[in-house]
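My notes follow the structure.

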Amino acid sequence: MTGPVSRHPSTARDGRLSYAIFQLARAHRGHAAAMLRTMNLHPGQELLLMQLFDRDGQTQSELLDSVGLDHSTVSKALRRMQDAGLLTREPAAHDRRAMVVRLTDTGRALREPIADMWRTLEEISVQGLTAEQIETFTTTAYAIEQSVKDRGRKAPSGD
């Protein structure tokens with residue numbers, strides 16, 4: 001590469017960082033999706049599995065809160081995953097309206113392949129970066145995420 005090139009459309013001139021984040025997220029998600037397809041998973045399903053690897057037997061509501069996806073997306077993903085034999089869903093003993101999600105042996109068997117996928121994706125993502133750049137980027141990314149979340153919680157100002 002010969003140096004920085006304007007990679008954003010002129011209408012994104014005042015939103016270069018946001019456009020770069022969008023492009024990065026799209027490229028990263030696309031590569032992750034291709035890797036997930038080799039495990040017969042759809043994007044987002046691995047996030048649910050990762051939560052269950054750490055704490056099996058969560059309610060559907062708890063999973064919803066932990067992955068930050070909307071209700072219909074999580075419901076659809078869990079239904080697909082149940083149909084694929086990765087997990088079971090059954091009413092909770094304490095509240096028959098709440099659904100408890102548990103991994104099957106088939107679902108548990110994906111723990112290492114998913115960990116390997118994330119490790120490979122990380123190696124690809126940080127190629128050519130120093131440890132300091134990685135740390136700075138990670139800290140900055142979480143700060144931006146928090147700013148966006150905080151702004152989303154504020155009521156519109158009406159200006």
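**Ground rules.** I am reading a predicted model, where local features need pLDDT of at least 70, side-chain atom pairs count only at pLDDT 80 or more, and totals for chains, interfaces and linings use all residues. Residues are numbered from 1 along each chain as its sequence is written, and side-chain values use heavy atoms, with hydrogens and water left out.

**Entry 1: helix α3.** I looked up which residues of α3 (residues 60-67) are buried. They are Q60, L63, L64 and V67 (buried means under 20% relative accessible area, with a 1.4 Å probe and protein chains only). Seen down the axis of α3, the buried residues fall within an arc of 105°, so they line one face of the helix. The arc is taken from the directions from helix axis to C-beta atoms. An α-helix has 3.6 residues a turn, so residues three or four places apart point the same way. Their cover includes α2, β1, α4, β2 and β3. Just after α3, I found G68 with a positive phi of about 70°.

**Entry 2: α3 against α4.** I checked how these two helices meet. Their axes come within 10 Å and cross at roughly 120°. Q60, L63, L64 and V67 in α3 meet H71, V74, S75 and L78 in α4 (contact means heavy atoms within 4.5 Å). By class, I noted five nonpolar, three polar and no charged residues.

**Entry 3: α2 against α6.** I then turned to α2 (residues 45-54) and α6 (residues 111-126), which pack at about 120° with axes 11 Å apart. In α2, the residues meeting α6 include L47, M50 and F53. Their partners in α6 are R111, I114 and W118.

Key:
Axes are lines fitted to C-alpha atoms, for helices over the stretch in contact, and angles run from 0 to 180 degrees between N-to-C directions. Helices (H or I, at least four residues) and strands (E, at least two) are DSSP runs, numbered from the N terminus. Buried means under 20% relative accessible area, exposed over 50%, partly exposed in between (1.4 Å probe, protein chains only). Ala, Val, Leu, Ile, Met, Phe, Trp, Tyr, Cys and Pro count as nonpolar, Asp, Glu, Lys and Arg as charged, and the others, Gly among them, as polar.
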